[in-house]
Structure formats: C-alpha cells, structure tokens
Amino acid sequence: MTPRMHAGQVAIDVALVRRLVDAQFPRWAGLPLFPVRSAGTVNAIYRLGDEHAVRLPLLPSSTADLEAELEWLPRLATAGLPLAIPEPVVTGAPVEEFPLVWAVYRWIDGVPVAPGGPVDDVGAAARLAGFVRALRSVPVNGVPDGRGVRPLADDDDAVRSAVATLLDPGRAAAAIAVWEAALAAETWDGERVWVHGDLLPVNLLASGGALSAVLDFGAAGAGDGAYDLLPAWCVFSGAARDAFRAELGPDDDAWARARGYALVKGLMAAPYYRETNPAFAALAQRLIDASLAWV
C-alpha cells in the first residue's frame, strides 16, 4: 500500500494496479508489477515489466497535473531538449474502483540525483542549466500558467508564520532577511517562458555517472524563469552551484526571487511531510538551510 501523506488520499496497492492494467491493457497482463520507492508526493509509481511505469494520482486534485503532462509532454518531445523526459504511452480510464485518470509511461533507467551522488556535480550543473535554457526557448503559445506567476508577496503571511513557528530566533532573523530581500527585488517582468517548476533531486535521474533525465512535468507551464533556479538550493553546492548560476546568468533580482521561492517551498513542505515522508521533509529542510546560507 502506498504510504498515506495527504487527507483524502486515494488507496492504491499492487492488487489494484494489477486489476486496472489487466482490464484495460490486457496485452500487459501477467507482466511483473511492483511499487517503485520514491520520495515523490503526487503520484504512486509502479514498474510494469522492463519497459513501462504506471503513474496514478494520489489525490483527485492531482489529476489535472497528470492530464497536463499527457497533453504537453508529446509536444515537448519534439523540442530537442538535451535530457530525456517522460514519454506517455497510454492513458488509463477512470473506473468505479479508481475514479481518476492514470497513465502508463515508458520506463527511464537511472538513479535519483542527490548532492554527493553518482554524478559529477559541476558537469551535472552545466547539463541541467543547458536543459533549462533549452526549455525556456520553446514557444509558450497556449501554454497554461506555471510556477512563479503568483507574486511572492502573496505568500508573505504564510512565510512569516512558518518562520516564527519552525526556526529559532537567530535563524528566524536570517530567514526574514532573505525573504525581505526577495520581496525587495525587482518583480518579475511578466515575460513568460517554459518553467519545469519542480527541479528537485527526486525528479532528476543520472545514468552512467551523468545527469540523464528530468521527470515529473505536472507543475510545468509558462511563468517566471527564476523558478527553475531552484536546484541552486536543493541539488548543487559550492562550485557546482556557481557553475549552474554562471551558465544561466540570472540578474541579481532573479537570483533573489529564486532564493525566496526556495525558502517558501522549504518552509511549507518541511512540517507537512515530517511524519509521512521523511525523505521529502529532509529535502525541504535542505532548501531552508541552503537559502539561509550565503550564496
């Protein structure tokens, strides 16, 4: 059974997924099926045979993200992006037992990227920056809003409350200084570019010692390109962070906004997942810690 992280989360287990696959796609009946361990928070993932993965939303509200992926990933597949991205194969229909859209994707080999993991950090930073540049260059005609569209100021009350609740006085003062610098930065000019919106280690794969794939485009859309600077605070450090920043060349205002985005994401996620998804809570804590350090 997939661990419960959210109120209203749909119950999903291997027996359910087996029934869905066998009933709707009998050509795959009998293929090995087993859950994939992941720190992800939106979908349950099951490996189906050697070539496929089944993704099922954990919440009814998450189906919109999956449906957006199914619409836009085939279009992005023709854009010549320098890293592999998910490839939907078939869409599963809602049924009484599981009344949500689900999908089967092509399996992508690799291991999740983490600081100190199996990739050369500086090389990974350059490759990921190249991916972000290429994604930004894809036309956004008709693309729905992505992350970074809402003003940072909309989160002011929530951030200040979380800082007061979660951090000791010394770190709280540092967090407020980072946050106020983000608010004081020149606001986003409204130039919409493709934004992945969730470039976290859990969504990056390495293969053969090099960054190879970017997963989970459920949050992708058109927005503030500064949001995709997030890896500077959750993936890279030191020379790798410097390389990532140098490759993308954000101005100081974009960098300050991105640091604010990192702080918000960390503060909101750390307490929410502390008990139900410790791996993701640790990632959220890294976002907080890195955003408070000098960068």
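## The loop at aspartate 216

Aspartate 216 sits in the loop that links strand E9 (210-214) to strand E10 (221-223); strands (E, at least two residues) and helices (H or I, at least four) are DSSP runs, numbered from the N terminus. This is a predicted model, in which local features need pLDDT of at least 70 and side-chain atom pairs count only at pLDDT 80 or more, while totals for chains, interfaces and linings use all residues. Residues are numbered from 1 along each chain as its sequence is written, and side-chain values use heavy atoms, with hydrogens and water left out.

Most residues other than glycine have a negative phi. Aspartate 216 is not a glycine, yet its phi is positive, at about 55 degrees. Its relative accessibility is 17%, so aspartate 216 counts as buried (under 20% relative accessible area; exposed is over 50% and partly exposed in between, with a 1.4 Å probe and protein chains only).

## Leucine 152 and its neighbours

Another loop, between H3 and helix H4 (156-166), holds leucine 152. With a relative accessible area of 8%, leucine 152 is buried. Leaving aside residues up to four places away in sequence, leucine 152 touches Trp179, Ala182, Leu183, Arg257, Gly260, Tyr261 and Val264 (contact means heavy atoms within 4.5 Å).

## Helices H3 and H7

Now meet a pair of helices: H3 (residues 121-136) packs against H7 (residues 238-248) at an angle of about 25 degrees, and their axes are 8 Å apart. Axes are lines fitted to C-alpha atoms over the stretch in contact, and angles run from 0 to 180 degrees between N-to-C directions. H3 and H7 are therefore roughly parallel (under 35 degrees; over 145 is roughly antiparallel, 65 to 115 roughly perpendicular and the rest oblique).

On the H3 side, the contact residues include Val122, Ala125 and Ala129, and on the H7 side they include Ala240, Ala243 and Phe244. By class, this contact has eleven nonpolar, no polar and four charged residues (nonpolar are Ala, Val, Leu, Ile, Met, Phe, Trp, Tyr, Cys and Pro, charged are Asp, Glu, Lys and Arg, and the others, Gly among them, are polar).

## Helices H5 and H9

H5 (residues 169-184) and H9 (residues 278-292) pack at about 75 degrees, with 9 Å between their axes. These two helices are therefore roughly perpendicular. H5 brings Arg171, Ala174, Ala175 and Val178 to the contact, and H9 brings Gln285, Ile288, Asp289, Ser291 and Leu292. Five of these residues are nonpolar, two polar and two charged.
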